[in-house]
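Hello,

Here is the structure you asked about. My notes follow below it.

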Amino acid sequence: MTATIAETTDLTGQMLIAGALVSGTGDEIRGVDPAAGTPLEPAYRYGDDSHVDAACAAAAEAFGPYRATTSERRARFLEAIAANIEAISTPLIARAVAESGLPQARITGEVGRTTGQLRLFAAVLREGSWTGARIDPALPDRAPLPRPDIRQRSIPLGPVAVFGASNFPLAFSVAGGDTASALAAGCPVVVKAHDAHPGTSELVGRAIADAVAAEGMPAGTFSLLYGYGPALGTALVTDPRIKAVGFTGSRSGGMALVAAAAARPEPIPVYAEMSSINPVFLLDGALASRGSDLGRAFVGSLTMGSGQFCTNPGLVIAVDGPGLDAFVAAAREALEQSAATPMLTSDIAARYAAGVESLGAEAELVVRGAEGDGGGTCQAALFTTDAGRFSGSEVLQAEVFGSSSLIVRCADADEVKAVAENLEGQLTATVHADEADHEAAATLLPTLETKAGRILFNGWPTGVEVGYAQVHGGPFPATSDSRTTSVGARAIERFLRPVAYQDVPKGLLPSEIADGNPDALWRRVDGRLTKD
Ligand code: NAP
């Protein structure tokens, strides 16, 4: 352990363990400006098992006192993190733009989204229904047996490991939705930073650590580690003090963590958001009335941020005909004019190129976007195939992360439905429908509900609103656990579990379920929601 946290935003190249800056001992990594291909200062060194041990020990020690804090104190803590992030927004945005190659406007929006998420969870804490408070009062005179007094509330699981995502260096990274929801639940967090944005991670990590200190939270409430996933990441997930995992990234990475967590002597839940091709269904009426407009709008969604969104529209399904021809012609024209834009890392660009090549081997090319200068850019790609070939091919159904999409031409509405029924689980399913299409849409909807976490009409799946009703999840392989969401208020539920208290003496009951409702919560008393 070395220096304490500096007040300056100069980067130190160090990890953060329970409030202390700590130097790594392993391989050296640097952020890289993907547009220029230049490495950035400073160097960061990977941590080792001793750092995992120190962070997990501190998190375990923090868990008791941290979970005992009131909802109001944790709400103020989350708001303090948001304020600290805003206070460093100028250097933070500059660094995140340099490390990700994403446009400044996008990163600026992501700062707002990140602080907005933190404040949403502050509001969730104050509103109180996350506690799941319910009371079945005793029925001493019930025959043949009396009913005991049973009360229930939710408590946090324990320390949570969070893996920052490459494609949202702020909103799905160190202080992203996983961290915000786990901290709100009362769980200390140990983050494994993503190598693609180490400096951004350090800045945000320090904003959190400063809030931990200023709000008087236990030091081990938050730690930030750097390391190679299969080594340090696996050590973190298999540490017995870690009780749950939040992850956004590749299917292979997510599944490796699911396997590691399941093989522990004490298996733990892994909430991994992995792979989705986000089907877009273009129904006949919509295609006939606005096929060309849809084609142009589709390209806008497809190429945004070099297509590096988990909700990127990677699949379009429609009945063949003049409406679809108009859609394809407009999309082709728009894509031809789309510039090649930098991808987050050279690895991601290489995987994109390989994925496009695989699609090209099995589907017919419609058009490529403009070629880029270097190897690190995303040259958009649009393919087409028929329903038979699509349904029989794993390659055509696999996620290609970037601005690539595949149009499946179907013979009729029955074939559209059959394609939908054969899809893997998805984060989103989009339907473009005019009023005349509503009957066809109603036939499709029950299938889409079983396939996707979010169904949207007459819009595009990129852009995930953060709120109380949002679901960013879905059946496997979109996520490893379809019962939850990683975006929005219900994300907190991933890190909670219910406990029932039977005939516990009144003086020992937690305030959420105490007589007289001291926390003024909405509670389910004898089956009825009430504030009494
Ligand atoms: P990734 O390779 O899955 O890495 C995400 C995080 O998980 C990194 O911190 C990584 O550490 C760690 N990790 C990966 N494999 C691991 C393993 N076997 N054991 C333990 N930890 C592991 O994702 P990425 O680097 O962000 O992007 C790579 C690909 O993931 C993309 O090309 C794309 O296909 C996909 N992706 C999908 C989404 C989505 O939302 N669907 C989002 C981002 C990326 P190391 O880097 O140190 O290995």
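In which loop is N278 found? N278 sits in the loop between β13 (270-273) and β14 (279-282). Please keep in mind that this is a predicted model. N278 is not a glycine, yet its phi is positive, at about 50°.

Domains

The protein chain divides into domain 1 (15-27 + 34-274 + 484-493) and domain 2 (279-457). Their contact draws on 14 residues from domain 1 and 13 residues from domain 2. The C-alpha centres of domain 1 and domain 2 are 33 Å apart. The size of an interface is often given as the accessible area lost when the parts come together. Here, domain 1 and domain 2 bury about 1000 Å² between them, and 61% of that area is on carbon and sulfur atoms. On the domain 1 side, the residues that lose the most area to domain 2 are P34, N167 and E273. Together these three make up 34% of what that side buries.

Ligand

The ligand lies between domain 1 and domain 2, because both of them give residues to the shell around it. There are 24 residues around the ligand, and those that come nearest are S166, S250, M274, C310 and R351. By class, the shell consists of ten nonpolar, ten polar and four charged residues. Four helices and strands each supply at least two residues of this shell: α7 (229-238), β12 (244-248), α8 (251-262) and α11 (346-362).

- S250, one of the residues that come nearest to the ligand, has a polar side-chain atom 2.5 Å from a ligand oxygen atom.
- K192 places a polar side-chain atom 2.9 Å from an oxygen atom of the ligand.
- E273 has an N or O atom in its side chain 2.9 Å from an oxygen atom of the ligand.

On its own, the ligand has 850 Å² of accessible area, and the protein covers 87% of this.

Backbone

Which residues does a cis peptide bond with omega of about -10° join? That bond joins E41 and P42, and P42 is in the loop between β5 (38-39) and β6 (44-45). Another cis peptide bond joins F476 and P477, with omega of about 5°. P477 belongs to the loop between β22 (452-457) and β23 (496-502).

Regards

Definitions and conventions. Residues numbered from 1 in each chain as written. Predicted model: local features only at pLDDT ≥ 70, side-chain atom pairs only at ≥ 80, totals over all residues. Heavy atoms only, no water. Near = heavy atom within 4 Å. Polar contact = N/O pair within 3.5 Å; in protein donor to acceptor, adjacent residues only side chain to side chain. Areas by Shrake-Rupley, 256 points an atom, 1.4 Å probe, with all protein chains shown as cover. Nonpolar A, V, L, I, M, F, W, Y, C, P; charged D, E, K, R; others polar. Domains from an automatic or database assignment. Contact = heavy atoms within 4.5 Å. Buried area = accessible area lost by both parts, 1.4 Å probe.
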